[in-house]
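This briefing sets out the fold of one protein and the backbone at selected residues. Please consult the sequence and the structure alongside the text.

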Amino acid sequence: VSFTLEGAEVTGSEGDTVAAALLAAGHMTLRNSVASGQPRGPYCMMGACFECLVEIDGIPNRQACMVEVHEGMRVMPMHGARGKSGAVDE
Ligand code: FES
C-alpha cells in the first residue's frame, strides 16, 4: 500500500494502521507538543493516549493508530493545538 506523509511516499502493508505503517517506515514523530513543542509520536497504539494525532485526507485530529492505511492516503503531521491542523504553536 502506497501513501504519503507530507507529500513523501511511504509504503505500508495491507491491514496496517497508519501509525504502524509510519513507525515501520522509521517515522517516529507525527506531531509536536502544544505545551513544549517537543516531538510526539504513537505510544499506546490502542486509541487511548492521543499522541498519534495526524491529518488524514484533509481531516485533522485523526488517531493514526485507529485508522487503516489505504492506497493514495495523504497524511500530514499536526502542529499546535488539536483544533489547529497545520497551525504552528502560538
Ligand atoms: S498511539 Fe495512543 S491513541 Fe494512538
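The points below are grouped by topic, from the overall fold to single residues.

The model is a predicted one, in which local features need pLDDT of at least 70 and side-chain atom pairs count only at pLDDT 80 or more, while totals for chains, interfaces and linings use all residues. Residues are numbered from 1 along each chain as its sequence is written, and side-chain values use heavy atoms, with hydrogens and water left out.

**Overall fold**

- The protein contains 1 helix and 7 strands; helices (H or I, at least four residues) and strands (E, at least two) are DSSP runs, numbered from the N terminus.
- Along the sequence, these elements follow the pattern β-β-α-β-β-β-β-β.

**Burial, contacts and surface**

- The protein has 90 residues, of which 34% count as buried; buried denotes under 20% relative accessible area, exposed over 50%, and partly exposed in between, with a 1.4 Å probe and protein chains only.
- Contacts (heavy atoms within 4.5 Å) between residues at least 6 apart in sequence join residues at least 24 apart in 39% of cases.

- An open sheet is formed by 5 strands in the order β2-β1-β7-β5-β6, with mixed pairing; two strands pair if DSSP finds at least two bridges between them.
- β2 (8-11) and β6 are the edge strands, each pairing on one side only.
- From one strand to the next, the twist averages 40 degrees; axes are lines fitted to C-alpha atoms, and angles run from 0 to 180 degrees between N-to-C directions.
- Strand β7 (residues 74-77) pairs with β5 in the antiparallel sense over 3 bridges.
- E55 has M76 in β7 as its bridge partner.

**Residues with positive phi**

- M45 is not a glycine, yet its phi is positive, at about 60 degrees.
- M45 lies in the loop between β4 (39-40) and β5 (53-56), and with a relative accessible area of 35% it is partly exposed.
- N61, likewise a residue other than glycine, has a positive phi near 65 degrees.
- N61 is located in strand β6 (residues 59-63), and its relative accessibility of 28% makes it partly exposed.
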